[in-house]
Amino acid sequence: MANAGATILVGTWPPVMRLFTMTLKKKATQEARKLDDGSLMEIAKIYPLDAAFDMAEDVPEDVKSNKRYAGVGAYTIQEVVDQVKEDYGKIDILVHSLANGPEVTKPLLETSRKGYLAASSSSAYSLVSMVSRFGAIMNEGGSVVSLSYIASERVIPGYGGGMSSAKAQLESDTRTLGWEAGRKYGVRVNTISAGPLKSRAASAIGGDGEKTFIERAIDYSMSNAPLPKPLYAENVGTAALCLLSPLMAGVTGVTLYVDMGLHSMGQAIDSPAFEGLDIGK
């Protein structure tokens, strides 16, 4: 998008704003920001954004007084919408790339009500709120994309804390928002169900001491996906770009799988049940 001349705005969680800004200056990050002409992709503005809160009056006192939020300015969804409108007027694209499950390492049976609802609030309802509020300042023909995971519809042991439920909500809401936002704002809403990527967030889910959850998920995908090769962030990014562009002007309310085809498999071919058989070799 930056190659095409788009103005890039980013919202990031207030407690990590400084870390995010520092990361942008790292050599590895700068290499990833290189555009076709050799220049670096510029982020026009970074906004503090905590998508767990819709309006200023929703922020509890313990968060307001938390030193990690000190001095960052306004950060609720509506406040950020108001700032973006003041700074840039209308926008064309909205990317929802956020999730949080405070009890993600716990099995569902051990997840508290508080942890479950927190996962749903940050990971699913945040999309509803953002589309509702940003939709009002989006140009007709604009597009929204979010990120989901196959745990929304299949059992993925180790992905707990209500996060599988939150992803199911996200995908269901994507379909409804596709209808409602399409009629009200003239924008499209889609989500991408990405395969396992070793991101910072995925690596934090934990593991068994030998390998992390995401490392085992990657191993499983490499053994069982129709396309047995690594999935890279670029694969997901280019799919998102396509969904957000006029190339997909007739597509809304869909969950697009970008997982080397793993979602289509009904059996694990590396199972001992298939030992000795020449299947997919």
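I take the rings of Phe, Tyr and Trp (its six-membered ring) to pair if their centres lie within 6.5 Å, counting planes under 30 degrees apart as stacked, over 60 as edge-to-face and the rest as tilted. I am working on a predicted model, where local features need pLDDT of at least 70 and side-chain atom pairs count only at pLDDT 80 or more, while totals for chains, interfaces and linings use all residues. I number residues from 1 along each chain as its sequence is written, and side-chain values use heavy atoms, with hydrogens and water left out.

**Aromatic rings**

I searched the whole structure for aromatic pairs and found 3. One of them joins tyrosine 149 to tyrosine 159 in an edge-to-face arrangement, with 5.0 Å centre to centre and 65° between the planes. Both tyrosines lie in the loop between strand 4 (138-148) and helix 6 (163-185), so this pair ties together parts that are 10 residues apart in sequence; here helices (H or I, at least four residues) and strands (E, at least two) are DSSP runs numbered from the N terminus.

I then looked up accessibility, where buried means under 20% relative accessible area, exposed over 50%, and partly exposed in between (1.4 Å probe, protein chains only). Tyrosine 149 is buried at 11%, and tyrosine 159 counts as buried at 12%. The rings of tyrosine 159 and phenylalanine 213 have centres 6.1 Å apart and planes at 25°, so I record that pair as stacked. Phenylalanine 213 is buried, as is tyrosine 159, and I note Tyr149, Tyr159 and Phe213 as one aromatic cluster.

**Strands and crossovers**

I next followed strand 4 to its neighbours, with two strands pairing if DSSP finds at least two bridges between them. Strand 3 (residues 91-96) runs parallel to strand 4 and is joined to it by 5 bridges, and strand 4 runs parallel to strand 5 (residues 188-194) with 6 bridges. Valine 145 of strand 4 is the bridge partner of valine 95, and its partner in strand 5 is asparagine 190.

Strand 3, helix 5 and strand 4 make a right-handed β-α-β unit, right-handed meaning that, with the strands pointing away from the viewer, the path from the first strand over the helix to the second runs clockwise. The crossover from strand 4 through helix 6 to strand 5 is also right-handed.

**Helix 5**

I checked helix 5 (residues 113-134), whose 22 residues reach 29 Å from first C-alpha to last, close to the 32 Å expected, the expected span being 1.5 Å times one less than the number of residues. It has a kink of about 45° centred on tyrosine 125, the bend at a residue being the angle between axes fitted to the seven residues ending there and the seven starting there.
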